[in-house]
Amino acid sequence: MAQRRMVASSDLRPGPRRITFVTNPDDCNLACRMCREHSPLAPWRPRPGPPRRLPVDLVERVLDERAGSALAEVIPSTKGEPLLWSGLERLVDLCAEFRLALNVTTNGTFPIRGAAGWAERLVSVARDVKISWNGATAETAALLMGGLELERALDDLRAFVRVRDGRRAAGRTASRVSFQVTAQEANVSELAGLVRMAAALGVERIKVNQLQVHFEALAGQDLRRDAASRTHWNEAVRAMRAAAEERRLLSGQAVLLENVEPWPLTGEPTFGPCPFLGREAWVTAEGAFAPCPALAGQDGVLGDFGSLHERTMGAIWEGEDYRALVAGYERRAECRRCPLRRAGGV
């Protein structure tokens, strides 16, 4: 594959600026309660066939076809643990070759290579490495991320950040490190503690996602469900903002808080424009095009747009079906109250 040709932004072909490849949703070494795929709360059902794993040669074909387009960033998996995917090493090399930023979310156990080993591979290519982190105490961390040992996770994170900081000290660029948090009743009282923990560890951003209720057993954890739970969230917002001001990174900068906004106690929070349609694309483990990360998008409810095994990303992106969804999504019931439509858009 040839080195990607650098072109002026005005000459870029249209298409997604970011593609998420759902690489290996069936592979994970933890059992997080809020995970649709691996939660111990999920109704047990045998899945036919072998584990779903996206072929790396399909990823390579998609990236090759997107050369000279608006594509700037690639995400491996949002389900399962991407560091367990056999194609990740090749994807790291492809991103370097095509001059694409890598954006990785890992559960913080750093399997196979270990924390320092993965840092050596990732921080020079990645724009952001997000580590799923859901508790400031060992008890909460273990409850929400089954199999996680907080003290070991802390040691691994310190090892990862040391490599990142060493690269910066040598005058080279290195990725940001973030916490990705799923806010819920079980950890809402610890969110400010996570901000203080992040500052002490050199974690520069906390991205908060609200719990998606995949199973009835999670319904009581949803912070949007009533006025009392929304009050808990609003109190956490104030505490997180105060913690970010009080406990800063060594650089003097505050930890960046994303999706940390108060809600009204009744009615719906303000819905912004869809942050994904017309901007990003997903490729499922089966190779299908998905328009967004919401369940309706991932499960085909918003439409069947075709397979990347058979069509190019460009053909799907410019196709009539996808263009119609982008233009008319607000008329769809699944989109009108989608919790991923944050106020202010992307």
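Is Cys338 buried or exposed? Cys338 counts as buried, because its relative accessibility is 12%, and buried here means under 20% relative accessible area, exposed over 50%, and partly exposed in between (1.4 Å probe, protein chains only). Before going on, keep in mind that this is a predicted model, where local features need pLDDT of at least 70, side-chain atom pairs count only at pLDDT 80 or more, and totals for chains, interfaces and linings use all residues. Residues are numbered from 1 along each chain as its sequence is written, and side-chain values use heavy atoms, with hydrogens and water left out.

Let's stay with the cysteines for a moment. A search of the whole structure turns up zero disulfides, a disulfide being a pair of cysteine sulfur atoms within 2.5 Å. Cys338 is in none, and the nearest cysteine sulfur, in Cys292, sits 6.3 Å away. Cys28 has its closest cysteine sulfur in Cys32, but at 6.2 Å that is too far for a bond.

Now for helix H6, residues 191-201. (Helices, H or I, at least four residues, and strands, E, at least two, are DSSP runs numbered from the N terminus.) H6 is mostly covered, with nine of its eleven residues buried; among them are Leu191, Leu194, Val195 and Ala198. So what covers them? The cover includes helices H5 (150-169) and H7 (227-246), along with strands S7 (176-183), S8 (205-210) and S9 (256-258). Just after H6, Gly202 takes a positive phi of about 85°.

Leaving aside neighbours within four places in sequence, Ile206 is in contact (heavy atoms within 4.5 Å) with Leu194, Val195 and Ala198, and its other partners include Phe179, Met240 and Leu257. Ile206 and Trp133 have the most contacts inside the largest nonpolar core, which has 103 residues. Such a core is a set of buried Ala, Val, Leu, Ile, Met, Phe, Trp, Tyr and Cys residues joined through side-chain atoms within 4.5 Å.

The Ser69 side chain reaches the backbone nitrogen of Leu71 at 3.2 Å. Beyond its neighbours within four places in sequence, Leu277 is in contact with Pro291, Tyr322, Leu325, Val326 and Tyr329.

Note on methods
A polar contact is a pair of N or O atoms within 3.5 Å; within protein, one must be able to donate a hydrogen and the other to accept it, and residues adjacent in sequence count only if both atoms are side-chain atoms.
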